Amino acid sequence: MAAYVAGDLDAIEGASVEQHMGRCSACRQAIAPLVDARLLARGWSGVRATVEAPVLPLPIRLARRCGVPEPTAVLLAATASLRTARLVAAFVALAFATLAVGVAGKEMLAPFLLVAPLVPVIGVAAAYGPQHDPLETLVVTAPYGRTRLIPVRTMAVPASVLPLAVVLGLLLPGPNWLAAAWLGPALALVPILLALASFVGPRTGVAVVVPAWSGVVVFSLRGFPATWPVEATQQLIYLSPAVVSAAVLAVKSRHDRQIGAVL
């Protein structure tokens with residue numbers, strides 16, 4: 001017993017003693033006086049601290065430093081489109097689109113204007129539904145309902161790609177306002193997607209929104225200025241369906257008691 005407590009036994013002998021201790025109450029009582037009570041208390045304190053307050057993953061710690069409450073930070077960290085692999089894919093797509101514009105020149109902004117607004121839209125679509133959300137079962141049963149979760153995740157997805165997209169936009173040949181102009185259609189397409197998804201689901205919704213925006217960008221190639229898809233007149237046009245979609249979401253949330261019942 002004394003050799004076990006002092007750590008003088010080899011791995012095999014120590015494992016054998018531990019197995020025996022689990023079954024023999026007399027040996028457990030006999031070894032108790034040999035163990036330093038203070039050392040044992042420190043050991044259990046460390047185990048308790050690890051179990052009760054584990055080290056949070058990096059995304060949750062970053063969200064907490066930004067002032068996000070821990071329950072919300074956990075739900076954001078579990079969002080499929082906010083995982084590292086998805087974010088890297090989005091960044092690579094934006095980088096290649098920017099490179100394509102750089103190679104083609106300032107008269108061909110279509111690659112960036114096509115990709116940048118769709119990255120947050122596709123990210124929002126990937127944030128919902130049982131096929132994508134690892135916490136789907138908890139979300140539909142917990143008090144933290146979709147009415148609060150959907151706006152939080154919807155804002156978090158564009159925010160995650162906003163810094164890089166703005167930096168890459170500043171590298172584009174052309175006016176500096178292009179770095180932020182893509183946000184107009186992006187912010188307009190998101191409520192349109194959510195409104196569609198509340199009826200037909202996010203997959204079908206994004207299958208409608210992506211070709212629609214692609215059609216706008218491709219149409220601009222027919223003799224229009226390179227910045228035509230994000231100019232002020234078009235931005236106002238995008239605003240109309242976005243407002244209608246937001247109204248649809250508001251009405252549907254009152255009717256169904258939650259936003260996007262089929263998301």
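Analyst: Let's start with α8 and α12: α8 passes α12 in a right-handed crossing (left-handed would mean that the near helix is turned anticlockwise from the far one by less than a right angle, right-handed that it is turned clockwise). On α8's side the contact is made by Pro117, Leu118, Pro120, Val121, Val124 and Ala125, and on α12's side by Pro185, Ala186, Leu189, Val190, Leu193 and Leu194 (contact means heavy atoms within 4.5 Å). By class, those residues split into 12 nonpolar, no polar and no charged; here Ala, Val, Leu, Ile, Met, Phe, Trp, Tyr, Cys and Pro count as nonpolar, Asp, Glu, Lys and Arg as charged, and the others, Gly among them, as polar.

A word on where this comes from: the model is predicted, so local features need pLDDT of at least 70 and side-chain atom pairs count only at pLDDT 80 or more, while totals for chains, interfaces and linings use all residues. Residues are numbered from 1 along each chain as its sequence is written, and side-chain values use heavy atoms, with hydrogens and water left out.

Back to the pair. Helix α8 covers residues 110-125 and helix α12 residues 183-200, and they pack at an angle of about 25 degrees with their axes 8 Å apart. (Axes are lines fitted to C-alpha atoms, for helices over the stretch in contact, and angles run from 0 to 180 degrees between N-to-C directions; helices are DSSP runs of H or I, at least four residues, strands are E runs of at least two, and both are numbered from the N terminus.) So α8 and α12 are roughly parallel to each other, a label for angles under 35 degrees, with over 145 being roughly antiparallel, 65 to 115 roughly perpendicular and the rest oblique.

Now the other partner, α13. The axes of α8 and α13 come within 10 Å and cross at roughly 165 degrees, so these two are roughly antiparallel. Their crossing is right-handed. From α8, Ala110, Leu113, Leu114, Pro117, Leu118, Val121, Ile122 and Ala125 meet Pro202, Val206, Val209, Val210, Trp213, Ser214 and Val217 of α13. That contact has 14 nonpolar, 1 polar and no charged residues.

What about the core? The largest nonpolar core has 20 residues, and Val121, Val124, Leu189, Leu193, Val209 and Trp213 touch the most other members. (Such a core is a set of buried Ala, Val, Leu, Ile, Met, Phe, Trp, Tyr and Cys residues joined through side-chain atoms within 4.5 Å; buried is under 20% relative accessible area, exposed over 50%, and partly exposed in between, with a 1.4 Å probe and protein chains only.) At least two residues of this core come from each of α8, α12, α13 (202-220) and α14 (232-256), and α12 gives the largest share, 7 residues. Apart from that core lies another, of 18 residues, among them Leu113, Leu178, Ala226 and Val230.

Zoom in on valine 124: leaving aside neighbours within four places in sequence, valine 124 is in contact with Thr154, Val157, Val190, Leu193 and Leu194. Over in helix α13 sits serine 220, which counts as buried because its relative accessibility is 5%. Not counting residues up to four places away in sequence, serine 220 touches Pro225, Trp228 and Pro229.

And the whole protein? There are 14 helices and 0 strands, and buried residues make up 38% of its 263 residues.
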